[in-house]
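Subject: Structure handover and findings

Dear colleague,

Please find the structure below, followed by notes on what was found in it.

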Amino acid sequence: MSDDIIDVVVIGGGGAGLAAAVSAAEAGASVLLFESETELGGSTQLSAGLFTAAGTSVQAGLGIEDTADKFFQHYMDLNHWILNPGLVRAFCDNAGPTLEWLLELGVEIPARVSSNAHMPGLCQAGVEDVWRGHVPKDQGYGLVQTLDRARRAHGVEAILATRVQRLLVEGGRVVGVVADDIEVRAHSVVVASGGFAQSTELLEQYYPYPLAAGESLFVVAAPGSRGDHLRFGEQIGSAVVGKDWGLTMPTAYFQRYHHWQAGFPPKSRIYVNKAGRRFMDEDASYAVSGGLMDAQDGPVWAIFDEKARTELPAGYADWDAERVAAEADAGRTVRAGTLVELAGLIGVPVPALVATVTRWNSQLPNGVDDDFLRHRTLANKGSTSDPDPVAQGPFYAVRMLPAELVCTHAGLEINQNAEVLDTIGNVVPGLYAAGEAGAGILGLRYVGGGNAVANALTMGRIAGRNAARASSVGSTPPSELGTAGV
């Protein structure tokens, strides 16, 4: 190896890029990381940091028996088996070991039950029967800080505020990148530049679904999520998979922030469709809740009363008692003195809405929900009290819809080694991808909290290790070396 050639260049300093850089350096490679923004972290740093994995020491510490086999079966079933089984299998097999790697690096996840995405421990991530949501101390920020300490310890230089312009390609092989009009040559390149949630143009092309929310749409992905991976893919003729897939979470029409800042809707609320009927567990995981709302023929309304409004915790940007009152004063949130009047204002049948609220009041405040089993969900979330009846006017109706764009799933097709594939399925020599940039794991259904972070860090680690290994033996790709991960 000549002195002016880097072993591995990593594009992007979020969770996937940091995992790739650290793992490549651990394998003995020289690594250079480019980050388009002024700080590292990407969308991982903005997240709750949940990491979904099976067969971990945290689970074992709680007496939970779980395996990668069970994880794989659940993952594929939820995604209707339309994902590449070999790729998903590699992810499920390596997610647990990657979590253990993070623990060794210093991430703190105690072996205790967590009732929410902000309490370190193990929580229910989605609709899984075995809990797999690992919540780290200090959330996504804590993950990033731990990985960044490891990066610095290994002497990996991170060049900030530098957006890679293009790949260097010679004879069909990726041999480096161009940044600030300077050629940086490398034996391998890992694309970990995030998704494209911040690009309306790319959303229109690859994931138009969230645009239907109109003015209610807001994006919580990192500013650098501009779709650079798709631009790089065009250079080398890579296959793109995951079109029309992504995670858009259900929110109130007036919400503009992630729930950390926005707050939460009242516990005592009922979701009804245009027929005035309840159709779902109001606390269902966003793995399925968006689809449940989409299945309704018309708008979905959250119904609650004055007591629920006034008891909203103060200090949040959106779900705040005064904010809801202001929305009602402006006529955007519907408010009425009686349920009969409310039904008329939102255009649902009066008898249906009255019957729905009456039935809900007879059950949930008494700790049962025969129809949608919400009492089980509340218990899993650590709720120690039953919801109050929805009975004290005035009553409110807030339009609910999928409008919080979290991540996009369309990206460069990769195999189980995180190698990028071209349109006929051949490996593009010298190029790897991970996170939202490396597509095929985040699929039709978002499996639950921690899916994106686990994908980013697990596949980032695989990409970094394999890129380093390929660099150390010349141009032989991992697919020919017989390795499928870490």
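A residue is called buried when its relative accessible area is under 20%, exposed when that is over 50%, and partly exposed in between (1.4 Å probe, protein chains only). The model is a predicted one, in which local features need pLDDT of at least 70 and side-chain atom pairs count only at pLDDT 80 or more, whereas totals for chains, interfaces and linings use all residues. Residues are numbered from 1 along each chain as its sequence is written, and side-chain values use heavy atoms, with hydrogens and water left out.

In helix α8 (residues 228–236), the buried residues are D228, H229, L230, F232, G233 and I236; helices (H or I, at least four residues) and strands (E, at least two) are DSSP runs numbered from the N terminus. G237, which follows α8, has a positive phi, near 65°.

Helix α5 (residues 85–105) has 21 residues and should span 30 Å at 1.5 Å a residue, which agrees with the 30 Å between its end C-alpha atoms; the expected span is 1.5 Å times one less than the number of residues. Among the buried residues of α5 are F91, A95 and W101. At the start of α5, a side-chain oxygen of N84 comes to within 2.9 Å of the backbone nitrogen of G86, while G106, which follows the helix, has a positive phi, near 125°.

Turning to α16, S471 is placed in this helix and is buried, with a relative accessible area of 9%, and its side chain reaches the backbone oxygen of D7 at 3.0 Å. G440 lies in the loop between β20 (438–439) and α16 (451–472), and counts as buried because its relative accessibility is 12%. From G440 to G450 is 10 residues in sequence and 16 Å in space, C-alpha to C-alpha.

Finally, the second largest pocket is lined by 16 residues, of which Y209, G246, D294, L444 and R445 lie nearest its centre. Here a pocket, on a 1 Å grid over the protein atoms alone, is an open set of points where a 1.4 Å probe fits, with protein on both sides within 12 Å along at least five of seven lines, and lining residues have an atom within 4 Å of a point. Both β12 (246–252) and α10 (289–294) supply at least two residues of this lining.

Kind regards

Definitions and conventions:
A polar contact is a pair of N or O atoms within 3.5 Å; within protein, one must be able to donate a hydrogen and the other to accept it, and residues adjacent in sequence count only if both atoms are side-chain atoms.
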